[in-house]
Each structure stands twice: as C-alpha cells, then as structure tokens.
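The following paragraphs lead through a predicted model. They begin at a pocket and then turn to a sheet and its helices.

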Amino acid sequence: TKPQDAGGALAVENVPSPRCPRDGVKVKVEAAAPNFADLLMIKGEYQEKPRLPFIPGGEFAGVVTECGANVRGVKIGDRVAGVTMGGGAMAEETVANAASVFPVPDGVTLEQAAAFPVAFGTAHLALPRYARVTKGSTVLILGAAGGVGLAAVQIAKALGCVVVAAANGVRKMDALRDAGADHCIDASLLHSADGGGIRAGRRDDYAGLKGAVARALNGGGDGLKSFKGVDVLLDPVGGDGFTQGLRCVRWGGKVMVLGFASGIVPKLPLNLPLVKNIAVQGVYWGAHASKDPKAMRESLADALGMLADGRCVVKVSDTFGMDDAYAGFKTLAERRAVGKVVVAPGLVGRSML
C-alpha cells in the first residue's frame, strides 16, 4: 500500500497501449474500482497469483474506443462498465471480452458503474440464487458498510427481507440506515456479556453479536430466550465475525461465505451445521465467468435492473488519482472505506498518508 519510491510495490509507468482482441473491446478508462482481492493480489496473498509485473484492478468503466472484428452489440463511443479477470483495469486504457461489458444506464456515473459489478454481482448471486431469500427472510450482514456489504443490504431490502446490518464504527451506522437496513449494530461496541470477549489472547470484535441481534429483532430486552435465529448469514469478513455470526443462524438456516476481509480464515466447527442443519455456501463471484457464465449474466442483469430503476445506489466513498492509487489501497487495508473506493486515471492525485 505504498508507492515504489517509498519502498512499496506500486508505481505509475508508461506501457504500450493494449491490443484489442477479435472478441474484445478497448476502453478509455474513466474509473477503476479496486477490491480487497486486488489488495491481496498485490501482496502476493491471493489464491490466484498473476505474472509480475501486472496492472491491478478488475472493475472499470469508460468509453469504448475500439471493437474487435467479431464484436456485435457494442460500438465505439458507448459508455460501458465491465470486468477484467486477473487485473488490467487500473490504467488509462484496458481491453476486455465484449461479453464481460455492459452499457451504463442513464443517470449512473462512470465512477458508480465501475464500482458496481463485483460488489452487486456477488451480493445478488449470494442472496436470491444461493440463499434463496424471499419476502420476510431475516438476513444478518457482517461488514455491511463495505462495498459488498452495502450492496447486500440494498439487494436484500429490494427483495423484501428484514436486514440486520453490522459494521465497526459509529460513522458507518448512518450509511447502513441510508442503505435501508432495518437494524444496525455497531460491532465496535459489542462486549462479552453474551459470550465471547478475549479469544486466543486477542479481543473478539464480534463478542455479544448473538445477543445484539436477538435484541434488535425482538424489540429490546434480553431477547435471547425467544430468539430462534436469522434465516441467512452473509459474511465477507471471516475471523471472529464468522464464528459469532454462525451462532446467530436458526435451525435450517444458511450461511453465505463471501470472503475474509478480516485477514483471518476461520475454522468451521462442523458440529454446529450438523446439529442445526445449517447449509454453508461459498460464493466466489469471479469463478462464475468460466464455470457458470449463464448464471453470472442473468444475475448481473437483474442487479443492473435494480440499479437502473433506483432500488439500489452505488456508494463511492473515496476517489483517487492514478498517482495516489496506493492511498486507495491503504484505505481498503485499514477498512476506512464506507462503500467502494475508485481510482480515476484523469484525476490529479491527493495523498492520504
């Protein structure tokens, strides 16, 4: 998360313009949206390791400047957003398969469009497709003030769910309420009264989560005696959040594992899923591009419809120039973002160090 001249791995360099493949488009990038996976990739800690040197970033939005010979339905001058697998988005120009780009709806800025695919695509696949939520389902969302979390709050509400959203810090509570959460829990205020506290010599940020969720859904008071649990846990955090969140799920409920923003991959105590008949589902959005592209396209189209008609809004909390992109990654690493971080190649940078 430092520039190269300060001992880091990130640098801005001039490289040749990428060639446009026959099935692809070349795009003048107006905005790119780094994700936590990009941060891990830069640190060499992601499950997929690109060949070095590489251009980070998997999400972009901009204007089409060239189309391959086989491309239909996209033309030069179109405002599009899309994804590039394995990086390449954080540049003035990028190329992508034409099937992986989509038109940006009127009224949606290119910054918002760049921040849309991964967060909203992941949340949409997780909730209606895998968790099969319906109107009235209770959904507990951890890390709810991040990009995926805020997307999940909005999609769950658009589907008629009752949403309990947890995040760290009082300043994030307003963002959760604005996104439509029915109940907001500041995880930084939870304590050990309901079980938890210090785990393996370190503070458990989510200790007492079950009691807080019970009080929220049961209108205050103790609540634990009559608390049956939530229908779905959606977890992009991992670590203590997963451990405590699992205790909040009802018999026959579902757990959606989206990632490990805490940096800790939790161990799954299989006795709980067994005794409570809980289904645990991993949701790795990017893998659907090759494993199940039809489901990915259908899901993304549905989520895009929610964006176009105003049921969902992309929250961009911070925008950086190319020479300040390292500060954007630092914002992600320190979990200061409320929503998504965007890098705009045409913007003059501003340092946050």
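Strand S4 (93–97) and helix H11 (325–333) each supply at least two residues of the lining of the second largest pocket; helices (H or I, at least four residues) and strands (E, at least two) are DSSP runs numbered from the N terminus. By class, this lining has 22 nonpolar, five polar and five charged residues. Ala, Val, Leu, Ile, Met, Phe, Trp, Tyr, Cys and Pro count as nonpolar, Asp, Glu, Lys and Arg as charged, and the others, Gly among them, as polar.

In this predicted model, local features need pLDDT of at least 70 and side-chain atom pairs count only at pLDDT 80 or more, while totals for chains, interfaces and linings use all residues. Residues are numbered from 1 along each chain as its sequence is written, and side-chain values use heavy atoms, with hydrogens and water left out.

An open sheet is formed by six strands in the order S8-S7-S6-S11-S12-S13, with parallel pairing; two strands pair if DSSP finds at least two bridges between them. Its edge strands, S8 (183–186) and S13 (279–282), each pair on one side only. Within the sheet, four bridges join S6 (residues 138–141) to S7 (residues 162–167), and Val-139 stands opposite Val-163 in S7.

Helix H3 (residues 117–131) lies across S6, S11 (230–235), S12 (249–257) and S13, running at about 140° to S12. Angles run from 0 to 180 degrees between N-to-C directions, with axes as lines fitted to C-alpha atoms, for helices over the stretch in contact; contact means heavy atoms within 4.5 Å. Helix H6 (residues 209–217) also packs on the sheet, touching S6, S7, S8 and S11.
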